[in-house]
Structure formats: C-alpha cells, structure tokens
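Hi,

Here is the structure I said I would pass on to you.

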Amino acid sequence: MRRTRISRRDFMARTAGAAFAANAVMLDPDAYGKSAFSLAVSPPRAVPPSDTIRFGMIGVGMQGSGLMRTSIELPGVECVAACDLYDGRVELAKEIAGKPIFTTKRYKELLDRQDVDCIVAAVPDHWHKQIVVDCCQAGKDVYCEKPMTHHVPEGFEMAAAAKVNNRIVQIGSQRASSVIYRKAKELYEQGAVGDVCLVEASLGRNDPCGAWVYTIPPDLSPETVDWETWLGTAPKRPFDPKRWTRWRCYQDYGEGIPGDLFVHLLTGIHTIAGITAPPARASSVGGLFRWNDGRDVPDCISTFYDYPKFHAMLRVTLNTSAEEGTYFFGTGGMLEVHDDRVTVWAQDGMDHEPCTPGWPRKMRADYAEHWHGEHDPKPGSQQTMASQNFYTPPGYNDDREHLWNYFTSVRTRQPSVEDASFGNNTAIACHMANHSCDKKAIAVWDENAKEIRG
Ligand SMILES: NC(=O)c1ccc[n+]([C@@H]2O[C@H](COP(=O)([O-])OP(=O)(O)OC[C@H]3O[C@@H](n4cnc5c(N)ncnc54)[C@H](O)[C@@H]3O)[C@@H](O)[C@H]2O)c1
C-alpha cells in the first residue's frame with residue numbers, strides 16, 4: 001500500500017521535474033540571488049488528494065509546540081519527525097506526537113528524509129532565512145513563523161528560493177487566514193465605511209510573561225542545549241540561559257515589539273486593505289521605560305506609516321494592558337476589528353443641525369427655519385441605520401485555519417494565503433519601524449534599491 005503511494009509520488013516528481021528543469025535554466029540568476037539559484041533542482045511535487053501529508057517540525061518551543069499539536073489534529077496530516085536544539089523540547093515533541101517519531105537536533109536530517117513532505121518551522125527569527133532557503137533547496141515546502149525576516153535582504157533571498165525551487169512558503173501570521181479578517185476585507189472592499197484615510201491599530205500588555213520575561217527551564221545548560229548552533233549567524237557569546245529563553249528582548253535574535261507584535265497588526269491591515277508593497281515611509285518614537293532587565297529593545301513604541309490611500313498609526317506597549325484592536329476610519333463610518341469580532345459603525349457624513357457658528361440670533365433663526373424645511377426627514381419616513389456585527393464561532397482558532405490553508409496549498413500546489421511576498425512586505429514594515437526608532441529619522445522604503453533609507 002505504502003510502496004504504491006511512494007512510487008506514484010516519484011512518478012509525479014519526475015515528470016514535473018523534467019518540465020521544471022526546462023524552466024529553471026531560463027531563469028536569470030541575478031534576478032534571484034546566486035545562492036537561491038545555484039541549487040534550483042527541486043521539482044514541484046504535488047501530494048495526491050488521497051494521501052496523508054507528512055510534515056517535519058523544526059522548533060518545538062512556545063509556538064512550535066502549539067502548531068504541532070494543532071496540525072496533528074487536522075484530517076489527513078501527520079507528524080513524522082521533529083527537531084529541536086534543546087533536550088526538553090525533543091522530549092516535548094515526542095509527548096505531543098504520542099507515537100514514535102524520528103527526532104534530532106540537526107534540522108537538515110529532516111530535509112533529507114523521503115517520508116517528510118513538508119516542514120513547519122517555529123524557531124527564533126534569526127534562523128528563519130536559513131531554514132526557509134534550505135527547505136526550498138531540499139524540495140520541501142515550508143510554513144515559517146512570523147516575522148518572515150530578521151534583516152531586510154533576507155526576504156528577497158527567501159522569496160527567490162521559493163520561486164526558483166517552486167516551493168510553497170507560507171508565513172505564520174494567522175490573521176491572514178482568520179474569518180474575521182476575511183469578513184473585514186469583504187466589508188472594506190464593499191465600501192461599508194466609505195473612503196478610508198486613517199487606520200489605527202494598537203494593543204497593550206502588563207505582565208512579565210507579556211513582556212517576554214519567560215521562566216528559564218531549570219535544566220537548561222550547555223549539556224541540554226546546542227548553544228553554538230542556536231546562535232547561528234548571531235554574534236558568538238558564552239552560553240546565556242536568559243538569551244535562549246527571552247530571545248525577543250535582544251536585537252541579535254528578534255526585532256522587539258515590531259517583529260513580535262506589529263507584524264500581526266500589519267498583517268491584518270495588509271489583508272483587509274489588499275496592500276501588496278511595503279509602506280512608503282515610517283516614523284517612530286519608542287523607549288525602554290520599565291523592563292530594564294538588560295534588554296536592548298523598547299517596551300513601548302508608536303509608528304506612523306504612509307500607505308498609498310491612507311496613513312496608519314500603530315502603537316504597542318508592554319506597560320499597560322489594552323485590548324488589541326484595528327480601526328479603519330472612513331467617510332462612511334468606522335470598521336472596528338478585534339480578534340473575535342468585526343463591527344461596522346455606519347455614519348452618513350451629513351449635518352444634522354444647521355451649521356451656523358457665531359451667527360446673530362435673527363440670522364440664525366431665519367436660516368434654521370429654511371434649513372429644517374429642506375433637511376428634516378418627513379415624519380414616518382426614517383429608517384434604522386445598519387451597523388453590523390460579525391463574530392467568530394465558539395472555539396474558533398485562526399492558527400488551525402492558517403495551518404489548514406498551508407497543508408491545502410501543499411496538497412494542491414495553489415498559492416499560499418500568506419506567501420513570501422506578503423510576509424516580506426509586512427516584515428519590511430516592521431524593520432522600518434525599528435529603523436526610524438533607532439535612527440530618530442523618517443525611514444523611507446527605496447523600492448529600486450530594496451532597502452530602507454533615512
Ligand atoms: N504566530 C504567532 O502568534 C506566534 C506566537 C509566538 C511565536 N511566534 C513565532 O514563532 C517563532 C518561535 O517562537 P517561540 O516563542 O516558540 O520561541 P521558543 O524560544 O519558545 O522556541 C524556539 C525553539 O526553536 C529551537 N531552535 C532554535 N534554533 C533552532 C535550529 N536551528 N534548529 C532546530 N531548533 C531550533 C529552540 O531550541 C527552541 O526550542 C518566532 O519566530 C516567533 O516570532 C509566532
């Protein structure tokens with residue numbers, strides 16, 4: 001039974017591979033970056049609809065463990081291998097799998113395996129680029145957590161690797177798959193709130209865990225963690241359990257608030273408004289007000305972005321708890337979006353009283369009489385105004401939806417809902433926020449040079 005399935009896959013891989021090889025030689029290596037091009041030999045491989053998709057998990061930490069649990073509950077999806085650099089998480093992977101799976105501390109061993117169709121990766125941000133490029137070059141599709149990149153140039157290398165190797169790359173900002181954001185997009189496109197010229201998005205936290213002060217596992221040591229590999233391309237330093245556990249607090253591995261939290265808000269805005277490029281400019285203020293624990297990133301940051309049709313203001317603090325919300329302000333009202341609901345607050349944009357500021361009494365009274373005669377609705381003619389609410393169904397989980405979309409793309413070869421181009425645009429917007437904050441200058445996106453100036 002199993003043998004039949006593999007030979008069917010091999011057949012598809014070979015026939016698709018021949019066509020792909022013909023295409024690959026026509027691609028211009030300079031357009032994609034040499035490293036992405038040099039190994040452009042992986043054929044596209046579709047998983048037949050009847051087959052189970054078998055994935056390998058790289059990084060079984062806070063997010064990875066949840067993704068793994070959720071994925072193995074999906075119909076037609078199975079985890080066959082897992083990789084982490086810490087013994088405790090290798091153990092956790094085995095617990096989650098609930099059956100024997102291949103485990104290792106070397107992720108490339110997953111890429112070499114024939115029984116791994118695709119990868120789900122949830123490693124710290126400084127590892128995203130290398131793992132995505134290696135997956136693509138090994139012929140494996142990859143779900144990679146947000147933000148897509150740690151540095152701007154990486155995004156273009158990753159996108160090229162996906163394109164040249166004909167791989168599905170999906171970035172893990174789950175709002176791109178949420179029913180709420182899809183509904184908000186539909187309402188926005190229908191013009192439910194008219195012309196939007198301002199968007200505001202914010203959230204706040206007020207607890208150590210929310211500020212990334214995660215408890216250090218008691219057995220963490222150079223014996224239980226492969227620290228040298230974990231550092232990857234980051235500056236070398238002696239084993240540091242704080243950095244391993246709370247890596248978001250350090251620029252060597254993360255991007256602070258923008259990379260961790262703005263990225264979700266930006267994904268929502270880009271999804272709803274159909275944004276397909278980075279913002280033109282960004283201007284930030286930020287500071288480290290409270291969590292003086294050795295971190296080198298702000299705990300509070302606000303950024304204004306310029307988009308073609310509106311400007312967007314994002315603000316996130318780790319010092320006060322506040323509900324996450326995104327607000328599209330339009331000439332026809334306000335679209336209010338939260339994780340679990342979207343509301344249209346309709347406005348008619350009209351005067352409801354005569355507008356005669358500072359007029360003397362008689363002039364005002366004469367005008368008012370005339371105005372009311374023309375504008376007051378006829379008795380019995382008024383209708384209710386439609387403000388609309390939409391909620392998630394009970395127990396809704398957008399991570400599950402996002403993973404389902406990924407595995408569906410792996411199966412069907414249809415583009416992912418959050419491909420490398422989408423992920424790159426939101427990641428660049430995050431880097432622009434940090435750039436502006438660090439340099440105390442306006443960050444300008446240079447589309448030709450593909451870099452941030454200012
Ligand atoms: N989409 C979301 O809502 C969401 C939520 C949390 C985290 N994330 C993202 O998920 C990623 C992981 O975050 P986390 O909080 O789970 O981090 P974490 O530190 O809890 O877990 C990361 C794990 O990756 C392992 N790892 C690191 N480098 C590796 C390598 N080269 N090979 C194999 N394993 C390696 C580490 O040992 C660790 O166990 C980050 O990119 C983060 O931004 C996304």
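One thing before the details: this is a predicted model.

I started with the holes. Rolling a probe the size of a water molecule over the atoms shows where empty space is left. There is one cavity of 30 Å³ or more in the structure, and the volume of the largest cavity comes to about 40 Å³. If you want to find it, look for Asp125, Lys146, Pro147, Trp247, Arg248, Gly254, Glu255, Gly256, Gly259 and Asp260, which line it. Sorted by class, that lining has five charged, three polar and two nonpolar residues. Both domain 1 (2-176) and domain 2 (178-347 + 386-399 + 427-453) supply at least three residues each to the lining of this cavity.

The peptide bond joining lysine 146 and proline 147 is cis, with omega at about -15°. You will find proline 147 in the loop between strand E5 (141-144) and helix H8 (152-164).

**The open space**

Next, the largest pocket, which holds about 1000 Å³ of space. Its lining takes in 46 residues, and those nearest its centre are Gly61, Met62, Gln63, Trp247 and Arg248. The elements giving two or more residues to this lining are helices H4, H7 (128-137), H10 (227-231), H11 (241-245) and H12 (256-273), along with strands E7 (196-204) and E11 (322-330). By class, the count for the pocket is 21 nonpolar, 14 charged and 11 polar residues.

So where does this pocket sit relative to the domains? Domain 1 and domain 2 both contribute residues to its lining, so the pocket lies between them.

**How some helices pack**

Two packed helices are described by the angle between their axes and the distance between the axes.

- H7 and H8: their axes come within 9 Å and cross at roughly 15°. That makes H7 roughly parallel to H8, because angles under 35 degrees count that way. The crossing of H7 past H8 is left-handed.
- H4 (residues 62-72) and H14 (residues 398-412): the axes are 10 Å apart and the packing angle is about 65°. H4 and H14 are therefore roughly perpendicular to each other. H4 passes H14 in a right-handed crossing.
- H12 and H15 (residues 420-439): here the angle is about 130°, and the axes lie 9 Å apart. This pair is therefore oblique. H12 makes a right-handed crossing with H15.

Of the helices in these pairs, H4, H7 and H12 are also among the elements that give two or more residues to the lining of the largest pocket.

**One backbone detail**

Last, take a look at asparagine 166. Its phi is near 55°, a positive value in a residue other than glycine. Asparagine 166 is in the loop between H8 and strand E6 (169-171), while the loop with proline 147 runs between E5 and H8.

Cheers

Terms used:
Residues are numbered from 1 along each chain as its sequence is written. This is a predicted model: local features need pLDDT of at least 70, side-chain atom pairs count only at pLDDT 80 or more; totals for chains, interfaces and linings use all residues. Side-chain values use heavy atoms; hydrogens and water are left out. On a 1 Å grid over the protein atoms alone, a cavity is a set of points where a 1.4 Å probe fits but cannot get out, and a pocket is an open set with protein on both sides within 12 Å along at least five of seven lines; lining residues have an atom within 4 Å of a point. Grid points are joined across faces, edges and corners, and a volume is the space filled by probe spheres set on the points. Ala, Val, Leu, Ile, Met, Phe, Trp, Tyr, Cys and Pro count as nonpolar, Asp, Glu, Lys and Arg as charged, and the others, Gly among them, as polar. Domain bounds come from an automatic or database domain assignment. Axes are lines fitted to C-alpha atoms, for helices over the stretch in contact, and angles run from 0 to 180 degrees between N-to-C directions. Helices (H or I, at least four residues) and strands (E, at least two) are DSSP runs, numbered from the N terminus. Angles under 35 degrees count as roughly parallel, over 145 as roughly antiparallel, 65 to 115 as roughly perpendicular and the rest as oblique. A crossing is left-handed if the near helix is turned anticlockwise from the far one by less than a right angle, and right-handed if clockwise.
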